[in-house]
Structures are given as C-alpha cells and as structure tokens.
Amino acid sequence: MRIVFSLAFFCFVFSNANAQGPNPPEIDAQKQVKQVIETFFNGFHKQDSSIIKSTVADKVVLQTTGKDQEGKTRFREEEFSKFLTSICSIPDSIKFQEKLTSFSIQVDRTMANAWVGYEFWLNDEFSHCGINSFQLVDFDGEWKIIYLIDTRGKAGCMEE
C-alpha cells in the first residue's frame, strides 16, 4: 500500500511540475504568429513598407472578398507591390486605423492559420469590418505571411 501511495504521490508531483513548466511548442508558435501579424499592422499604420515587408515571404498573395451594393459577391487579387504603394501614399490628412478585435490561431508544424477579426476606421469614423485570414509558414524559425484574404462589409458589424 505504501508503494502505491508513493507512486501516486510521485505521479501527482511530476504532473504538476510539468503543468507549470515551459509553454508547449504550439503555444510559443501561436505567440510568434500573433507577433508577426501585429508587426504587419504596426507597419501598416506607420505606412512603413520595410516593416510590412519584414513580415511576409518573398511571394505573398493578397485577396479580398465581399458583397457589392447589389449584393453580388466580389473577389479580387492585389499585387503586393501595389498594396505597399497604396498604403505608403495615403496622405497625412487621412487618418486610418484597422482595429484588431479577435485572434484565433492554429499551428501545425511549419504552417499556421490566423483568423483575425477587425474594424476599419477612416478619419475617426467607422467604415467597415471583417475577417483577415492569414496563412503563415515557419521558414527555419521565422514565421512569414504567405497569404492574406479578407472580407469587408458593414453587415454584422458592432457599429451597425
């Protein structure tokens, strides 16, 4: 009986020690992925193409989808270089902010998906909301965005 009790006590102590130990690798990866996305938006808000470029792979795909005024689904792809030019050329007189409202991040080995809710504000007025869906790849310890698609609209937004 004493052996069974000692074994149970050892297992209890060992499992609690492991529970309080370092984060599992997927938790660390989720934090790293979130940091990459926050850095992307830091560059976006600063209109700094070098910060934005530091978060993406050599080849990145940007797409958007939403409904037009007639209710038809629209879908388009944007060249990354044109995206950078459009962001960096916004005049100082225009204030814009993409507020990130939620994160759901999944990681498997060298691939991650981040589903990020947002609200977009233009000159302190609500414009639209949606989801940014990021796909990232871990290139030898460095997470990079390879794909971004977003939805845009006013339906279902908090400010409706």
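Visitor: What do β3 and β4 form, and which residue in the turn has a positive phi?
Guide: They form a hairpin with 2 residues between them. Arg109, in the turn, has a positive phi of about 55 degrees. This is a predicted model: local features need pLDDT of at least 70, side-chain atom pairs count only at pLDDT 80 or more, and totals for chains, interfaces and linings use all residues. Residues are numbered from 1 along each chain as its sequence is written, and side-chain values use heavy atoms, leaving out hydrogens and water.

Visitor: How do you know that β3 and β4 pair?
Guide: Two strands pair if DSSP finds at least two bridges between them. Here 12 bridges join β3 (residues 96-108) to β4, so the pair meets that rule. The two run antiparallel. Phe103 has Val116 in β4 as its bridge partner.

Visitor: What makes up the secondary structure of the protein?
Guide: There are 4 helices and 6 strands. Each is a DSSP run, numbered from the N terminus: helices are H or I with at least four residues, strands are E with at least two. Along the sequence the pattern reads α-α-α-β-β-α-β-β-β-β.

Visitor: Which way do β4 and β5 pair, and over how many bridges?
Guide: They pair in the antiparallel sense, over 12 bridges. Trp121 has Phe126 in β5 as its bridge partner. β4 and β5 also form a hairpin, with 2 residues between them. Asn123 in that turn has a positive phi of about 50 degrees.

Visitor: What about β6: how many bridges join β5 to it, and in which direction do they run?
Guide: 8 bridges join β5 to β6, and the strands run antiparallel. Asp138 stands opposite Trp143 in β6. Their hairpin has 2 residues between the strands, and Asp140 takes a positive phi near 50 degrees.

Visitor: Do β1 and β6 run parallel or antiparallel?
Guide: Parallel, with 7 bridges joining β1 (residues 56-67) to β6. Thr65 stands opposite Thr151 in β6.

Visitor: Why is β4 called largely enclosed?
Guide: Buried means under 20% relative accessible area, exposed over 50%, and partly exposed in between (1.4 Å probe, protein chains only). In β4, 9 of the 12 residues are buried, so the rest of the structure largely encloses it. In the protein, buried residues make up 32% of the 160 residues.

Visitor: Why is the link of Cys129 and Cys157 called a disulfide?
Guide: The term means a pair of cysteine sulfur atoms within 2.5 Å. Here the sulfur atoms are 2.0 Å apart, so the pair qualifies. The link is left-handed, with -90 degrees about the S-S bond. Cys129 lies in β5 (residues 125-139) and Cys157 in the segment after β6 (142-152), so the pair ties together parts 28 residues apart in sequence.

Visitor: Are Cys129 and Cys157 buried or exposed?
Guide: Cys129 has 14% relative accessibility, so it counts as buried. Cys157, at 6%, also counts as buried. Cys88 is partly exposed, at 33%.

Visitor: Why is the pair of Phe40 and Phe83 called stacked?
Guide: Rings of Phe, Tyr and Trp (its six-membered ring) pair if their centres lie within 6.5 Å; planes under 30 degrees apart count as stacked, over 60 as edge-to-face and the rest as tilted. The structure holds 9 aromatic pairs. In this one the centres are 6.2 Å apart and the planes at 5 degrees, so the pair is stacked. Phe40 lies in helix α2 and Phe83 in helix α4, so it ties together parts 43 residues apart in sequence. Phe40 is buried at 2%, and Phe83 counts as buried at 11%.

Visitor: What kind of pair do Phe44 and Phe83 form?
Guide: A stacked one: 6.4 Å centre to centre, with 10 degrees between the planes. Phe44 lies in α2 and Phe83 in α4, so the pair ties together parts 39 residues apart in sequence. Phe44 counts as buried, at 6% relative accessibility.

Visitor: Which residues form one aromatic cluster?
Guide: Phe40, Phe41, Phe44, Phe80, Phe83, Phe96 and Phe134.
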